[in-house]
Each structure stands twice: as structure tokens, then as C-alpha cells.
Protein chains: 2
Amino acid sequence: MYIAVDVGGTQLRAALYPEEALEPLVKKSISTHAESEKPENRLLELIGDIWPAKGQVKKIAIGVAGLVNPKNGEVIFAPNIDGWLNLNLGNLVEKKFNTQTILGNDANLAALGEWKYGAGVGHHDLIYLTISTGIGGGIIVDGRLLVGARGIAGEVGHITVIPDGPMCGCGKRGHLEAVSSGTAIANYVTEEIEKGRKSFVTQTEHKITARMVSEAAANGDELALEAFEIAGRFLGRAIADLLHLFEPSIVVLGGGVTKAGDVLMVPVRKALAEGVFSPEYLNGFELGMAKLGDQVGLIGALALART
Amino acid sequence: MYIAVDVGGTQLRAALYPEEALEPLVKKSISTHAESEKPENRLLELIGDIWPAKGQVKKIAIGVAGLVNPKNGEVIFAPNIDGWLNLNLGNLVEKKFNTQTILGNDANLAALGEWKYGAGVGHHDLIYLTISTGIGGGIIVDGRLLVGARGIAGEVGHITVIPDGPMCGCGKRGHLEAVSSGTAIANYVTEEIEKGRKSFVTQTEHKITARMVSEAAANGDELALEAFEIAGRFLGRAIADLLHLFEPSIVVLGGGVTKAGDVLMVPVRKALAEGVFSPEYLNGFELGMAKLGDQVGLIGALALART
């Protein structure tokens, strides 16, 4: 059996999987943070809770939202998890359960999951992008996950698409995440309304979210459509750049923002077609949508455990 | 023995190498183009000319300035070589000499050469960039050359650094090559002078070249320094983006423009340091200069032959 763990800023999720199937034998979620208990201790308890009464656990694989070093099991920095800075989570879990434990960045593992069990089955060169609050991703090069010299490669959300552009969550400017993420879409609409633009979105009293912008766009709201057009255009251009670098046979898009559908995807496809410097890059190329949905975190960790 | 061939828009170069050393047994160059003879026929003759009188040639490896498919031996498109469009050069050579023949993009092979025999020895993750008339490159991921689904990956010169920026040689706008190549540096100075800016560079009657700009910059010319500062800044930012994607342990810079030295490299290093979103990317990272010089074309092809 294998244990897969998905560590997010809000939830810790763990599941016990059999040797081969994708259906977990047992699955459990708890909140990541709680008063007077460290997240790493909550995680150890969670794993203990789903540990099988009999049978052997071959490997534990953990996906973490943050910079991790898969080569030594260290969480270098997890921005949404209290106190996780240069924490060797791999050693901690491995010692407690006396079982081989491997770590990966959550979006890298999602790429692995979509490649082995989702939209990318059969491909050898794949890029996965998750467009959500932020933008993460993972890259498969000739049948192997790209991890880099110390395991922090594949940060697709942090390539520059507008020099000196909008501020990114990471503190730098003009990254893809600062232009095409859900946060970026909501920020754009908020700022334009503050400048005096009219929009359906103003009809609410809540803070503007990408979902609200998506609903307004579906109803033909001009500002909302513009926000998605900009996000989609720069996402399409970034994908063209990634094709020039990696020439994958498929790019898989996941994350909540892609649910907006055509208002995002039409400008993405247009910018991608215009952006490649040779049509060869689109010859046999597929732009696909993620298939694993909410399960991608656990299934990505499972894919890592099974490698 | 191995035969290495370097196909450029001006020169065809070929050399016969022994099993292990880097010193060729024989080496010959001819012009790529000639009246009433196709480049591919000139290439076949050139290989015939250096063929050993005795002993066995194990493999022929050919580097081509253009888009090539290393998986089937096809030159998809070579912009500077007459008539090379969807030409299966690999088959042509293999049949004529009855010897295994493999192709690669010239800059990709230069990356392989610098990695195996030059500045990148000992590294597993390397990016090579050649800054010349254009910008080419090659990427080593975990000890293997990144070729992509059909072999046209690694086009580092064609990532966008200024959206809708200066026109690139490829026909798209704002690529790294359109901003940081020798051509881009010369174009910038030419355009600024046409706008009325003063520069030492105007003192010549010839078309402005990057070398002239480099000499002016060495003498403190303000416009020339500005041209290198812009080229270096965007090159440094592009390298930061490449670190986020690939996290190599070394980036190797080659090509004539790098001979400008500090006027280019100071802004490159500054923009790189400012551009990475976590200092972790520079931890143990090396920005090195190419070591193989003019031999990189042949040695790159040799490195391919020996894999």
C-alpha cells in the first residue's frame, strides 16, 4: 500500500491507496492550522490515523504547497503554512513511521498525476498549469518530472510576462501569476472600477473575486470580459514561450479559473496561435483540460509514491 | 572514429575525431553555398574528403543552424541555407556513407559540447546561451539534452521579454533575440542616432555593428553603454525566468557579444539577482562563460556522436 498526503494552506489531506487502483482504501482531511499544535504534528497524527491495521506501507509521498527539495526531504519555504521554513519534513515522517518518505511541490505532483492518470496519459513531454488563486505548474520532460538541480524547478507562475507589470504574490512584478491568476483577474476589475469604470460586478458588497468576474463575463459584462481577455492573452503568450523552450506534445490546464471556459480559452488559443514563431510547434500539439479535479493533489502524491 | 559536421549559413566544417581525444585527426571547411551546387551535395563531398583511408567511422553527427528533428534526421527549416526545408539530411548522409548519422540543432549541440567538454563539466542541469547576431541555446536537464516532443525545444532566443517589443528575426515581436542580441544592440543605437542622439558610433561611414557599439561603450560612450545596459538587463531577467523554470546549477554564456565584458555582464548580474523570486535559485548557482570558443560547433557535434 501507499500513503499519499496533500499539504495545503487550509487543509491537510491523506489517503491510503492499494498497490494499483486509484480508489483510496481510506481518506481523511483535517485543517492545516489549529491552536497550540504545529502543522507538522497534525500531519503526523493524520498519517497515523489512516495507517492500516495490517499490511505494509511501501512509501509515503507528500505534496506541499511551497518550495521543497525532493532530494533531501526539506521544505525550503511554504508561504501558507506557519513555521515551515527549512523544515525537514521528509526526515520527520520517515523516522516516525520508519517508512520511506518522499516530498514534492504540490503543482509538480499534480503534473505527475495528470500525466500518469489524467489528461496526459500517453504523452512523454507535458506541461501542467494550474490557474487558481495563484499559478503553479509542473513539467514532464521525456517521461521524467523536471525538478532542477535542487528540486525547485517548474515554477511556471513566476516567469515574467509584463516587465515591471502588476505585483506578484512573490514580491516581484509582471509574473504570469500577477497577470493571469484568479487574484490578478479580480484585482484588475477592482482597480478599473476604482478608476470609475462601470461593471455588473459592482452590484455586490463583497470583495470582488474571480468567480464573480467569471459570472459577470458570462452575462456579457464588458469589464469582466476584458479582464479575462487580458489574462487569457498573456497566458496564451506564456504557453507559446513554454513551447519554444520545452516543445511538449500537450499542455494541460487545471485550476478553478479555467472553469470560466471560452471567455478565458478563446483569447488563450488566439494568443498561442499568434505567439509561436513556427507553426511546427502546434503540429500534433494538444491544449487539454485537467481531468483529475479536486483529487489531483492526492493522486499526484500517489503518482510520486509509485515511481 | 567519429565525424562531426557543423553546418552554418556561411561555412560547412567537418572533422574526423579519434575515439576519445578532442583534437581532430583532420579538419576541413568550405563555403556553404556555391554556384550550381546544392549545399547538401557540398556537404556530402566534404564528408567524403575527410573520410579515413583506413579504420571505421562509428557515427556521423551533424549540427545545423535551424529547426531540425533529431528523431528522424529531418531539417525542418534552415533559414540561412538555400533550399533546406523539410530535407531529410540524416537519411541522405546515412545512405551515402552507410554509417549511422544523427542531427541536432547547432546551439543545442553547443550546449552539449560545453557541458561535456567545456564550462559545464560536472554539472547535471545546465543552460547554454549564445549571444551573437541572434540568440540560440540548449538545455541539459538531469544529464540529458532537452529536445522536446519532436526535437525543436530549447529555443531560448524566442521567449518574449518585452510584449509587442522590437521585431525579432523570426517575425514575432519582443523576443530575447530582438532585445539582447548583437543585431538588437546595433539596431537600438542606429535608431537612437536617427532620433538625434549623439554618439561616438556616428563617426564611421559603415553600418553600425555590435562590435562598434562595444568599442564605443569601452570608451565611455553614453548611448553605447545604454544599449548594452538594456540588452544586459533583459538578458538577466530572462535568465531569472529560466532559473524559475529549470533551476540549473549553471548558465553558460557564449557568442561574440559576451566579449563586450562588464558593460554587458554587470547589468546581466544585477537583473538576475533582482529577478529571482527566491534567493534559493542563486544558492550554489554559477553564471559561467563558454570555454570552447570557435570549436564549439564541431565539439558539440562530436559530443552528440559520442552519446
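Helices (H or I, at least four residues) and strands (E, at least two) are DSSP runs, numbered from the N terminus.

This is a predicted model, in which local features need pLDDT of at least 70, side-chain atom pairs count only at pLDDT 80 or more, and totals for chains, interfaces and linings use all residues. Residues are numbered from 1 along each chain as its sequence is written, chains are lettered from A and ligands numbered from 1 in the order in which they are written, and side-chain values use heavy atoms, with hydrogens and water left out.

I turn to the sheet. In chain A, five strands form an open sheet in the order 3-2-1-4-8, with mixed pairing; two strands pair if DSSP finds at least two bridges between them. Strand 3 (26-31) and strand 8 (101-105) of chain A stand at the edges with a single partner strand each, so one side of each has no neighbour in the sheet. Strand 2 (residues 11-17) of chain A runs antiparallel to strand 3 of chain A, and six bridges join them. Within strand 3 of chain A, Lys28(A) stands opposite Ala14(A).

In chain B, is Arg42(B) buried or exposed? Arg42(B) counts as buried, because its relative accessibility is 12% (buried means under 20% relative accessible area, exposed over 50%, partly exposed in between, with a 1.4 Å probe and protein chains only). Arg42(B) belongs to helix 1 (residues 39-50) of chain B, and its side chain reaches the backbone oxygen of Ser31(B) at 2.9 Å.

Helix 9 (residues 296-305) of chain B has 10 of its 10 residues buried, so the rest of the structure largely encloses it.

Finally, the interface. Contact means heavy atoms within 4.5 Å, and 46 residues of chain A are in contact with 46 residues of chain B. Leu245(A), Glu247(A) and Phe277(A) lose the most area to chain B in chain A, together 19% of what that side buries; buried area is the accessible area (1.4 Å probe) that two parts lose on being put together, summed over both. The rule finds eight salt bridges across the interface of chain A and chain B, each a side-chain nitrogen of Lys or Arg within 4 Å of a carboxyl oxygen of Asp or Glu.

Technical notes
Polar contact = N/O pair within 3.5 Å; in protein donor to acceptor, adjacent residues only side chain to side chain.
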